[in-house]
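The points are grouped by topic.

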Amino acid sequence: MEVLWISLLGGLLALDATSAGQFMVSRPLISGTVTGWALGDAATGLVVGALLELYLLVSFPSGGARFPEGATATVVAVASATAAAGTGAVALGVAIGLVWGQVGGITISVQRKLNGRFIPEPGTAHPERVTSIHLAALAMDFVRGSAVTLVGALTGRFTVGALGSAWPLEAGDSLGLLLVGGAVSAGILLRSLGGFRRRRVLFAVGIALGVAGARLV
Amino acid sequence: MAVLTRRSLAAAFARSFLIQGSWNNRTMLGSGFAFAILPALRRIFDEDPEAFAASLGRHLEHFNAHPYLSNVALGAAVRLEADGEDAESVRRFKTAVRGPLGGLGDALVWAAWLPAVSMAALSLVWLGAPGWAAVTTFLVVYNLGHVGLRAWGFRAGLAEGRDVARSLTRASLSAWTERVRALATLLLGLLVGSVMAGEGGLAEAGLPWGGLAAAAFVGGELVGHRLWRPAAIAVVASVALVATWGWLL
């Protein structure tokens, strides 16, 4: 039953990514925390959401590009990570989320093709038809997001339930492994913001502030 | 313009939040644009159903822009229709603005504003702030920019009509993009610093992982987006291998 509720949450959050609002509650950091809270484990939700946000810093819902679907991926990742205790479950949850983001991205492409079939031709435009097809496409996106989340959460929970408790790495090593992947995204982002050569002073000042802030806290 | 009511304009603005609801490969934002402008057109062509259908039809045609900045075109299209501009002028206007509105919006919002606010929130997490503080900061700050940009775009388009390019020039969105990119760089540094030294960061993982992360960062900076997928695959494969190894032990 819990997975069904989580699937509906996945459908709602998926809507925000492109179809409705784009208030960015669909970003991994937010959807992870919300899902964790809904599952009674906000701390795990925050950790998984923050790690996936780090990976998806360079993934934007822009135009016709295919991009990993962060919202459903994060809901699936958190639902999976909370199926067992320990850092192994978090590592597996993040990995499952990364895979499921690609699955979600493919389903978005399929839906966009389907939408194109139903859009009325300009010559046959009728206001009620324009409205009903638009709302039907929104409803279809919700159903798609829910279905993607449902299948992902069931698969993920089974996988983490089977493998999570046997995870052999220490917490620090598990975290290190996940952060190495996130570091690639951070590097890509620096390049897209102008590159190290051009931005080195600001970047260095930021690092100094970050290190000082961490020491102070 | 007199024919438009506050209510019809508010409805068009509210619907603009759903403009990507039927995004498709054929007309892209076209059907969403028609859905958003519908309440205004209904009011403008209240007594002329044929003109209403013809106008709705032309707004169903292919259109694409950044979803937030598409409000500039939406407001301007409402103004042009209310002013009784001919179909070809409206069509030419939309064709002329879609490229710039897409490019400006992608650069300002997706490539600068969103990552900047994300990194600020992530830095809070790694600096030990409560989760709710990071989430609230992200949602409030991001949406101040988001909703503000949508509202500004709609108002500017409505006020200037076909001359809305003047508003875009005055607003100097490119200069704003550059400023936000500079801020985002500072925040990226802040995030890297807090991940290096903060709670649950690389300091806890140990020196070898720190070295690997530094190498991965440099690789990302040198190679760019092409490295994202291989890196994600490598992480997933590593996690799968470790999990299988643990299961076999």
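B:Arg181 has a relative accessible area of 17% and is therefore buried, the cut-off for burial being under 20%. The model is a predicted one. Over all chains, the salt bridges number 16.

**The pair B:Arg181 and B:Glu178**

- B:Arg181 is joined to B:Glu178 by a salt bridge, with 3.6 Å between the closest N and O atoms.
- Both B:Arg181 and B:Glu178 belong to helix 8 (residues 173-197) of chain B, where they sit 3 residues apart, about one turn of the helix.
- B:Glu178 counts as partly exposed because its relative accessibility is 30%.
- Through shared partners, salt bridges link B:Glu178 and B:Arg181 with A:Arg198 and A:Arg199 in one network.

**The pair A:Arg144 and A:Asp141**

- A salt bridge connects the side chains of A:Arg144 and A:Asp141, at 2.9 Å from N to O.
- About one helical turn separates A:Arg144 from A:Asp141, because they are 3 residues apart in helix 6 of chain A.
- Both A:Arg144 and A:Asp141 are buried.

**The pair B:Glu85 and B:Arg162**

- In the salt bridge between B:Glu85 and B:Arg162, the closest N and O atoms are 2.7 Å apart.
- B:Glu85 is in the loop between helix 4 (70-82) and helix 5 (87-126) of chain B, and B:Arg162 is in the loop between helix 6 (131-160) and helix 7 (164-171) of chain B, so the pair ties together parts 77 residues apart in sequence.
- B:Glu85 has a relative accessibility of 27% and so counts as partly exposed.
- B:Arg162, at 40% relative accessibility, also counts as partly exposed.

**Helix 1 of chain A**

- Helix 1 (residues 2-17) of chain A has 16 residues, which should span 22 Å at 1.5 Å a residue; the 23 Å between its end C-alpha atoms agrees with this.
- Among the buried residues of helix 1 of chain A are A:Val3, A:Ile6, A:Leu9, A:Leu13 and A:Leu15.
- The buried residues of this helix also include A:Ser7, A:Gly10, A:Gly11 and A:Asp16.
- Helix 2 (28-38), helix 4 (70-81) and helix 6 (127-163) of chain A are what the buried residues of helix 1 of chain A pack against.

**B:Pro208**

- B:Pro208 is part of helix 10 (residues 207-223) of chain B.
- With 62% relative accessibility, B:Pro208 counts as exposed.
- From B:Pro208 to B:Ala165 the C-alpha to C-alpha separation is 53 Å, and the two are 43 residues apart in sequence.

Methods: Residues numbered from 1 in each chain as written. Chains lettered and ligands numbered in written order. Predicted model: local features only at pLDDT ≥ 70, side-chain atom pairs only at ≥ 80, totals over all residues. Heavy atoms only, no water. Helix = DSSP H or I, 4+ residues; strand = E, 2+ residues; numbered from the N terminus. Buried < 20%, exposed > 50% of the residue type's maximum accessible area, 1.4 Å probe, protein only. Expected span 1.5 Å × (residues − 1). Contact = heavy atoms within 4.5 Å. Salt bridge = Lys/Arg side-chain N within 4 Å of Asp/Glu carboxyl O.
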